[in-house]
Amino acid sequence: KKAQSYERNKSFPLTTQSANHRAGIVKEDSMERVIFEVPGKPQGKGRPRASVVGGHARMYTPAGTAAYENRIMLCYQQRHAGVRFVPPIILEVNAYFAIPKSYPKKKAALCSQNILRPTCKPDMDNIVKAVADALNGVAYRDDSAIVELRVAKRYGSPERLVVRVSGDLEPEEEVVEGLHHG
């Protein structure tokens with residue numbers, strides 16, 4: 001329908017900003033940013049495992065970690081398909097955990113106000129590593145482009161990750177080229 005109105009009135013073409021807005025991209029402090037959620041209990045990146053195949057050691061990512069990274073990637077793609085960033089990139093991750101049912105009411109109230117914060121596993125660095133690795137080749141070419149991290153563990157319901165990626169967008173022709181060749 002918008003394409004039809006564009007044809008009728010070429011003096012008001014569709015702008016990149018309106019296309020970006022439809023993709024859930026917001027411009028903030030001269031940088032673009034996207035936000036998406038990953039439902040479920042936050043997980044960290046598991047340690048690489050080794051096995052011996054034919055007398056040679058082979059390193060591999062544990063199946064649980066690979067599945068979680070795939071879920072993160074799919075959540076990003078569902079909300080922001082085709083949106084890729086170029087360096088420098090800022091990655092923000094908020095991990096929300098359920099308040100333990102065993103906590104007394106007073107302690108649970110302090111948790112819900114974020115006065116008490118989760119000190120449970122997984123470690124924050126492992127959560128970020130899972131997110132950064134999952135978005136490689138999807139939100140950016142490589143996680144080495146991330147120059148700033150903001151990470152927090154909080155109590156909240158439902159359990160989830162809220163991820164925000166900020167930076168400059170890769171020009172559209174490079175994104176299309178990357179899909180054909182990479």
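Q: What counts as a helix in this structure?
A: A helix is a DSSP run of H or I with at least four residues, and helices are numbered from the N terminus. The model you are looking at is predicted. Just after helix H3, Gly82 takes a positive phi of about 80°.

Q: What makes the length of H3 close to the expected one?
A: H3 has 18 residues and spans 25 Å from its first C-alpha to its last. At 1.5 Å a residue, 26 Å would be expected, and the span is close to that.

Q: Why is Tyr76 called buried?
A: Buried means under 20% relative accessible area. Tyr76 has a relative accessibility of 1%, so Tyr76 counts as buried.

Q: Which residues of H3 are buried, and which are exposed on the other side?
A: The buried ones are Thr65, Tyr68, Glu69, Ile72, Cys75, Tyr76 and His80. On the other side of H3, Ala63 and Gln78 are exposed.

Q: How do you know that the buried residues line one face of H3?
A: Look down the helix axis: the buried residues fall within an arc of 115°, so they line one face. The buried residues of H3 pack against E2, E5, helix H5 and strand E7.

Q: What does the side chain of His80 reach?
A: His80, which lies in helix H3, reaches the backbone oxygen of Ile35 with its side chain, at 2.9 Å.

Q: Why is the pair of Phe36 and Tyr76 called edge-to-face?
A: Ring centres must lie within 6.5 Å to pair, and planes over 60 degrees apart count as edge-to-face. For Phe36 and Tyr76 the centres are 5.3 Å apart and the planes are at 80°, so the pair is edge-to-face. Phe36 lies in strand E2 and Tyr76 in helix H3, so this pair ties together parts 40 residues apart in sequence.

Q: What makes Tyr103 and Tyr155 a pair, and of which kind?
A: Their ring centres are 6.5 Å apart and their planes are at 75°, so this pair is edge-to-face. Tyr103 is in the loop between strand E5 and helix H4, and Tyr155 is in strand E6, 52 residues apart.

Conventions:
Residues numbered from 1 in each chain as written. Predicted model: local features only at pLDDT ≥ 70, side-chain atom pairs only at ≥ 80, totals over all residues. Heavy atoms only, no water. Phe/Tyr/Trp six-rings, centres within 6.5 Å; stacked < 30°, edge-to-face > 60°. Helix = DSSP H or I, 4+ residues; strand = E, 2+ residues; numbered from the N terminus. Buried < 20%, exposed > 50% of the residue type's maximum accessible area, 1.4 Å probe, protein only. Polar contact = N/O pair within 3.5 Å; in protein donor to acceptor, adjacent residues only side chain to side chain. Expected span 1.5 Å × (residues − 1). Arc of directions from axis to C-beta. Contact = heavy atoms within 4.5 Å.
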